[in-house]
Amino acid sequence: MIGLDSVTFVTASSTNLGDEIYGGSASRVALVTGGGKGIGRGIAERLVSAGHRVAATYRSGEVPPGVLGVRCDVTDPEQVEAAFREVEAELGPVDILVANAGITRDTLMMRMSDADWDAVIATNLTGAFRVARRAARPMIKKRFGRILFISSVVGLLGSAGQVNYAASKSGLVGLARSLARELGSRGVTANVVAPGFIETDMTAELGEELTTKYEAQIPLGRLGQVDDVASAIAFLASDGAGYITGALIPVDGGLGMGH
Ligand code: NDP
């Protein structure tokens, strides 16, 4: 992956984008899990253009230009610790954490193995808990932090064939809201973004017929783009979002309205 010396950071003062859209946020250190592709990659890119110094974990794929790549599997506590140490050594303590890494192992419950259940909970829920816990201490010390979890519209809607995934994603809401209560007095916010159907490798598996069926149920009549999610994250990470905590922000074209 790219070395730090090849990383060029865009500073808050050198970009008008950050100033215009996010109310002149200070340049912070951000860490995104699963930044090698899909939504995580798009979030890392957007945080760079908002003027932050950004690191992203990856297992496969490639982190975007200007981002410090750190190898890490969030199901392995030692790799998580090593990744944080690397980011702290290269960029400083993490101010903005985006727990994005996630997997699916879809099948109807009656056919779901313990392994399918465990793998999804271990990555999506326990992995998110693990990185949030590791990020929180320096945030508390600094009296500033933004902890952001990528959930899903199905966390609250439910989804046949996804009991493991939906349980992990609604679990993130309880995790974030409890954290919001634990850490609010220390200037640390915890929020959840719940994307609907976003065009990535994860949804490419759906096929054309199913995609058309879903589109018909989405008030905005289209699948979302990675950038739609990245915009919400960039806002919640900004100084301007300092009075928002414990919130669940849907980015789903209206699909989950009312839940
Ligand atoms: P992708 O499959 O494209 O990306 C998933 C990312 O998570 C990859 O970077 C992957 O890394 C990483 N990841 C998976 N397991 C681990 C692990 N154990 N340790 C570290 N990283 C891991 O999916 P999306 O970009 O679509 O999804 C990103 C997040 O958004 C997920 O949490 C997903 O549940 C959520 N989401 C996605 C929606 C969509 O429509 N696409 C809708 C709602 C929520 P690698 O490939 O290297 O293993």
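Me: In β3, which residue is the bridge partner of Ala 56?
Reply: This is a predicted model, where local features need pLDDT of at least 70, side-chain atom pairs count only at pLDDT 80 or more, and totals for chains, interfaces and linings use all residues. Numbering starts from 1 along each chain as its sequence is written, and side-chain values use heavy atoms, with hydrogens and water left out. Strands here are DSSP E runs of at least two residues and helices are H or I runs of at least four, numbered from the N terminus. In β3, Ala 56 has as its bridge partner Gly 69.

Me: How many bridges hold the pairing of β2 and β3?
Reply: β2 covers residues 53-58, and β3 runs alongside in the parallel sense. Two strands pair if DSSP finds at least two bridges between them, and for β2 and β3 the number of bridges is 5.

Me: How many residues of β3 are buried?
Reply: β3 spans residues 67-71 and is mostly covered. Buried means under 20% relative accessible area (1.4 Å probe, protein chains only). Of the 5 residues in β3, the number buried is 4.

Me: What is the distance from the side chain of Tyr 165 to an oxygen atom of the ligand?
Reply: The ligand has 28 residues around it (a heavy atom within 4 Å), and Arg 59, Ser 60, Asn 100, Tyr 165 and Thr 200 are the closest. A backbone N or O atom of Gly 102 is 3.3 Å from a ligand oxygen, while a polar side-chain atom of Thr 200 is 2.5 Å from one. For an N or O atom in the side chain of Tyr 165, the distance is 2.5 Å.

Me: How many charged residues are in the lining of the largest pocket?
Reply: The largest pocket holds about 1300 Å³ of space. Its 50 lining residues include Gly 102, Ile 103, Thr 104, Tyr 165 and Met 202, the closest to its centre. α2 (38-49), β2, α5 (154-157), α6 (163-183), α7 (201-204) and α8 (208-217) each supply at least two. The lining splits into 20 nonpolar and 22 polar residues, and the charged count is 8.

Me: Which helix gives the most to the lining of the second largest pocket?
Reply: The second largest pocket has about 340 Å³ of space. Among its 16 lining residues, Phe 129, Arg 130, Ala 132, Arg 133 and Arg 134 are the closest to the centre. By class, the lining has 9 nonpolar, 1 polar and 6 charged residues. With 8 residues, the helix that gives the most is α4.

Me: What is the volume of the largest cavity?
Reply: The lining of the largest cavity includes Thr 33, Val 74 and Ala 99, and its largest share, 5 residues, comes from helix α4 (residues 114-142). That lining has 5 nonpolar, 4 polar and no charged residues. On a 1 Å grid over the protein atoms alone, a cavity is where a 1.4 Å probe fits but cannot get out, a pocket is an open set with protein on both sides within 12 Å along at least five of seven lines, and lining residues have an atom within 4 Å of a point. The volume of the largest cavity is about 30 Å³.

Notes. Buried means under 20% relative accessible area, exposed over 50%, partly exposed in between (1.4 Å probe, protein chains only). Grid points are joined across faces, edges and corners, and a volume is the space filled by probe spheres set on the points. Ala, Val, Leu, Ile, Met, Phe, Trp, Tyr, Cys and Pro count as nonpolar, Asp, Glu, Lys and Arg as charged, and the others, Gly among them, as polar. A polar contact is a pair of N or O atoms within 3.5 Å; within protein, one must be able to donate a hydrogen and the other to accept it, and residues adjacent in sequence count only if both atoms are side-chain atoms.
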